[in-house]
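Dear colleague,

Please find the structure below.

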Amino acid sequence: LVAIYQSRTKVEPPQISKHQLLREMAKEENVDFSRPVNTLSHSDLMTGMVFPDSAGDFLKAVVLEAGRRRLPWLVDGALPLLSHENKSVRLAVISVLSEDPHPEAVRGLLPGLLDQDLQIAIATAEALEKNGSLNSIPELMHYYNQIDVEQNPELKAALRATIEKIQGFPITE
């Protein structure tokens, strides 16, 4: 990201988060979101993700297209959208990041386990089953222990299956 920013601006980037850096880079873009999403450039997709209001109804499609292209800034651009008000956008982010084994994608998905929407939380557990590693087991166990089996039996079962698949043996309680 730093190299892209420097190539565009010819200056050292300020000390900001990767997502904020993407926003700074996208400020100058003038994107026509009336075009089909599959015709948008990589930088147009970035603009749509980091300024989600500008993408309007296309945000879910923008996320899915950026994921299909496996763009290098995908994790940093998509993770903030896990708190988007639109459920279909959050599900698209989970779907896209479920295919990305990058440690930041895995770590970034973890809070989705506590989403108020059960479908989002279960989709997150299933996504982590695809790309979680043994390094993620302590955090997954932390979330697993926070879930009340009486209130969320489906989520507890989904997270249990995720942990057991990743570690290769059953959880003993």
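How many of the 173 residues of the chain count as buried? The share is 45%, where buried means under 20% relative accessible area with a 1.4 Å probe, protein chains only.

Please note that this is a predicted model, in which local features need pLDDT of at least 70, side-chain atom pairs count only at pLDDT 80 or more, and totals for chains, interfaces and linings use all residues. Residues are numbered from 1 along each chain as its sequence is written, and side-chain values use heavy atoms, with hydrogens and water left out.

The chain has 11 helices and zero strands; helices are DSSP runs of H or I with at least four residues, and strands are runs of E with at least two. Among contacts (heavy atoms within 4.5 Å) between residues at least 6 apart in sequence, 55% join residues at least 24 apart.

Beyond its neighbours within four places in sequence, L159 is in contact with L113, A125, L140, Y143, Y144 and I147.

Y144 also has K156 over its face, at 4.1 Å from the ring centre; a charge sits over a ring if NZ of Lys or CZ of Arg is within 6 Å of the ring centre and within 35 degrees of the ring normal.

Kind regards

Key:
Buried means under 20% relative accessible area, exposed over 50%, partly exposed in between (1.4 Å probe, protein chains only).
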